[in-house]
Amino acid sequence: FLKNFLPYIALMGVIYVTIRSASWVRYDRRRQQVKTYSRDEIKAKGLDFDEPTTLEEEYEQMVHHQNLDAWEQKRIQRPWNEEPDKH
């Protein structure tokens with residue numbers, strides 16, 4: 001037990017603490033990079049989220065602001081459809 005099992009458990013504990021600490025530092029740095037805005041700053045930018053909207057309402061607004069009748073599908077040259085070089 002002391003020769004095989006105890007060193008294994010101790011190693012696993014050290015690895016766990018090391019990985020937890022490293023990931024905490026990583027996510028803490030990301031949290032510091034993200035800027036949060038107050039409600040007054042959001043309203044000053046013209047974004048007002050007082051009324052909750054559903055996904056369907058957002059979709060309808062997005063479709064309403066786009067002209068889907070003038071939409072044209074543009075195809076690009078596919079690598080498998082290229083003509084061989086003619087020399």
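These legends walk through close-up views of a predicted model.

Residues are numbered from 1 along each chain as its sequence is written. Local features need pLDDT of at least 70 and side-chain atom pairs pLDDT 80 or more, while totals for chains, interfaces and linings use all residues, and side-chain values use heavy atoms, with hydrogens and water left out.

View 1. Helices here are DSSP runs of H or I with at least four residues, strands are E runs of at least two, and both are numbered from the N terminus. Of the 87 residues, 0% count as buried (buried is under 20% relative accessible area, exposed is over 50%, partly exposed is in between; 1.4 Å probe, protein chains only). The accessible surface is about 9,600 Å², with 56% of that on carbon and sulfur atoms (Shrake-Rupley method, 1.4 Å probe; for residues, only the protein chains shown count as cover).

**View 2. Residues 6–25 carry a UniProt label.** The unreviewed entry calls this stretch "transmembrane region"; positions follow the numbering used here, feature names are shortened, and such annotations may be inferred rather than shown by experiment. In the model the span is 100% helix and 0% strand, and its end C-alpha atoms sit 29 Å apart.

**View 3. R31 pairs up with D28.** A search of the whole structure turns up one salt bridge (a side-chain nitrogen of Lys or Arg within 4 Å of a carboxyl oxygen of Asp or Glu). Its closest N and O atoms are 3.6 Å apart. Both residues belong to helix α1 (residues 5–33), three residues apart, or about one turn of the helix. R31 counts as partly exposed because its relative accessibility is 48%, and D28, at 29%, is partly exposed too.

**View 4. A nonpolar patch covers about 1,100 Å².** Its members include F1, L2, F5, Y8 and M12. Patch residues have over 30% relative accessible area and no salt bridge; nonpolar side chains (Val, Leu, Ile, Met, Phe, Trp, Tyr) are joined within 5 Å, like charges within 9 Å. L2 lies in the segment before α1 and is exposed, since its relative accessible area is 64%.
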